[in-house]
Amino acid sequence: MLLLLLFVFLLGIFLGFEVISKVPPILHTPLMSGANAISGITVVGALACARLGYASFANLLGFLAITAAMVNVVGGFLVTDRMLGMFAAKKKPPQP
Amino acid sequence: MHVLADIAYLAAAALFVLGLKMLNRVRTARRGNALAAVGMALAIIATLATHAGLSWSWIIAGLLAGSVLGAWLARAVPMTSMPEMVALLNGLGGLASLLVGLSVFWSEYLHPPFAGGAAPEFPLAQSHAGGAQWALTVVLSVIVGAVTFTGSLMAVLKLQEKLVKGTPIVLPGRHAINVGVALATLALGAFAGFVLAGPAAGTALLALAVLAGVLGVLLVIPIGGADMPVVISLLNSYSGIAGSMTGFVLNEPLLIAAGALVGASGIILSQLMCKAMNRSLGAVLIGGFGAGGGDKSAYKNVKSASPEEAAMILDGAGSVIFVPGYGMAVSQAQHVVKDLANALESRGTNVRFAIHPVAGRMPGHMNVLLAEADVPYDKLYELDRINGDFKTTEVAVVIGANDVVNPAAIDDPQSPIAGMPILNVHEAQTVLMVKRSLSPGYAGIKNPLFERDNCLMCFGDGKQFLSEVLQELKS
């Protein structure tokens, strides 16, 4: 199992390098915040491990983990969209 | 049911890859971001639907609290605070990984359901088959998560420059301290996962989180403000790696893959930033840059210009290139710059913007600010594309940038910034240097540009000075 997971990890890194190799500077910030929102995928882990709920301390940790990850996800995607919205509006020529 | 979840996870992973790919082009970036968000929603819904027996009240409370807080932050944050926002989000990603690591430890090891809550008498590494791997990944997820969390918070504080100054904070013997703390962290991690058992292991794991948190702070404080683009993109990478570690803890390929993608993107950005400064990642991380060395002699023959004179120079110019730096962000001058650019364009001047990759405090900082001020992005030029054009440009207007236009990088092999790619503003006919004083930039060295015949210093706050220039121009 570990070998398989390491395989996924390595392929993920290589794929990341391939996909993001030539990002133009204008998109550096949105790429960062968008990628950051994706790293909020930890929320899935937080949800999955909050299921046991036998120890109340674990419950509290799970709640905090879900909250932190959700701020990451929702905040990350929305702020990226806000920035990219500003870029998109620039397509029309400037008003004289 | 779990097969459905696996299929949903696979779809989510595909959407993440596709989304990131689309984030590479201005035209498709917004849709790419939306696709990645759809993937995330899919993964969350699939998890909720298939993992029965959740303690719903906690989960709904967490989902709601996080979503509301995140949405509020994303709306409320001013564009000038975007570096802090990105650093904060990185930190929260790390915090989530740290908390999941701890939570798994508590619910599956310390108070496992099958044991009726009785504490185990064996170390984490022997708790079940594959326990050694499990112990290793729990410990790593706590360490990487805590370092990312506190390192990012430290970066936020340094960026705000209120509680903590942005310049490097160099502790005496800091290398020894850092190595010591790092070794102690690893040792404590090994103890918590492989030696101690039961509640003692739990206490050790909490202590590990604190110690790794101290390490995160120590790693960031010696790094100065202008190296922040590297730090932020590196922390971005860490937040991805932390997510991957959590995936190893939970045996969940989706987390591992998504974390790896983010880790790779952060590394790519860090490398781009380092290349733009001609420094190695190692040199940036060791920090202390700008704390010594270089030419510091007094300036001679500096000429300055008033707003009226600057307006006169700009008025007749056929071509103008604006060069924004961190100072434009500090004085929030981007809107005035845009108005000035418009006023010049309406007089037939060819106006362009030259963006140095490390101008500002995060990758792409200047682009975001100018986009906020409605400057069309086809007027923004990267270093390679515009550097040849300064020769034929009448006026270069530098707003709050210093080191990235310092010709010492080319002329003086002894300079700390020797070899760093700079914007060749000194080749323009006239350089207007809008700056508060002659004080050195981040590198802490003299800028010989200020003494050149074609350079006029425009002393003052960027926003105020340029507003006065604009008024003069209009009258």
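B:Lys474 sits in helix α17 of chain B, which runs over residues 462-474. Please keep in mind that this is a predicted model. Is B:Lys474 buried or exposed? B:Lys474 has 9 C-beta neighbours inside 10 Å, and a residue with 12 or fewer is exposed, so B:Lys474 counts as exposed.

- B:Lys474 and B:Leu344 are 130 residues apart along the chain, and their C-alpha atoms are separated by 9.9 Å.

**The domains of chain B**

- Chain B is divided into domain 1 (1-76), domain 2 (79-286) and domain 3 (307-474).
- How far apart do the C-alpha centres of domain 1 and domain 3 of chain B lie? The distance between these two centres is 41 Å.

**Two helices packed together in chain B**

- Two packed helices are described by the angle between their axes and the distance between the axes.
- In chain B, the helices to look at are α4 (residues 82-110) and α5 (residues 131-160), whose axes come within 7 Å of each other and cross at roughly 155°.
- Angles over 145 degrees count as roughly antiparallel, and α4(B) and α5(B) are therefore roughly antiparallel to each other.
- The crossing in which α4(B) passes α5(B) is left-handed.
- Sorted by class, the residues in the contact of α4(B) with α5(B) are 17 nonpolar, eleven polar and one charged.

**B:Phe122, in the loop between those helices**

- Find B:Phe122 in the loop between α4 and α5 of chain B.
- B:Phe122 counts as exposed because it has 12 C-beta neighbours inside 10 Å.
- Leaving out residues up to four places away in sequence, B:Phe122 touches B:Ser127 and B:Ala197.
- From B:Phe122 to B:Ser331 there are 209 residues in sequence, and their C-alpha atoms are 59 Å apart in space.

**Two loop residues with positive phi**

- B:Asn251 is not a glycine, although it has a positive phi of about 55°.
- You can find B:Asn251 in the loop between α8 (228-250) and α9 (253-277) of chain B.
- Because B:Asn251 has 16 C-beta neighbours inside 10 Å, it counts as partly exposed.
- B:Asp374 is another residue other than glycine with a positive phi, here near 70°.
- The loop that holds B:Asp374 lies between α14 (365-372) and β3 (380-382) of chain B.
- B:Asp374 is partly exposed because 16 other C-beta atoms lie within 10 Å.

**Chain A on its own**

- How many helices and strands are there in chain A? Chain A has four helices and zero strands, and along the sequence its pattern reads α-α-α-α.
- Chain A has 96 residues, and 65% of them count as buried.
- Among the contacts in chain A with a separation of 6 or more, 64% are between residues 24 or more positions apart.

**Where chain A meets chain B**

- In this meeting of chains, 80 residues of chain A are in contact with 103 residues of chain B.
- On the side of chain A that touches chain B, α1 (2-19), α2 (28-39), α3 (42-49) and α4 (56-89) of chain A each supply at least two residues.
- Which helix gives the largest share of that side of chain A? The answer is α4(A), with 31 residues.
- By class, the side of chain A that touches chain B has 54 nonpolar, 21 polar and five charged residues.

How values were computed:
Residues numbered from 1 in each chain as written. Chains lettered and ligands numbered in written order. Predicted model: local features only at pLDDT ≥ 70, side-chain atom pairs only at ≥ 80, totals over all residues. Axes fitted to C-alpha atoms, helices over the stretch in contact; angles between N-to-C directions. Parallel < 35°, antiparallel > 145°, perpendicular 65-115°, else oblique. Left-handed = near helix turned anticlockwise from the far one by under 90°. Nonpolar A, V, L, I, M, F, W, Y, C, P; charged D, E, K, R; others polar. Contact = placed C-beta atoms within 7 Å. Buried ≥ 20, exposed ≤ 12 C-beta atoms within 10 Å, placed from the backbone. Domains from an automatic or database assignment.
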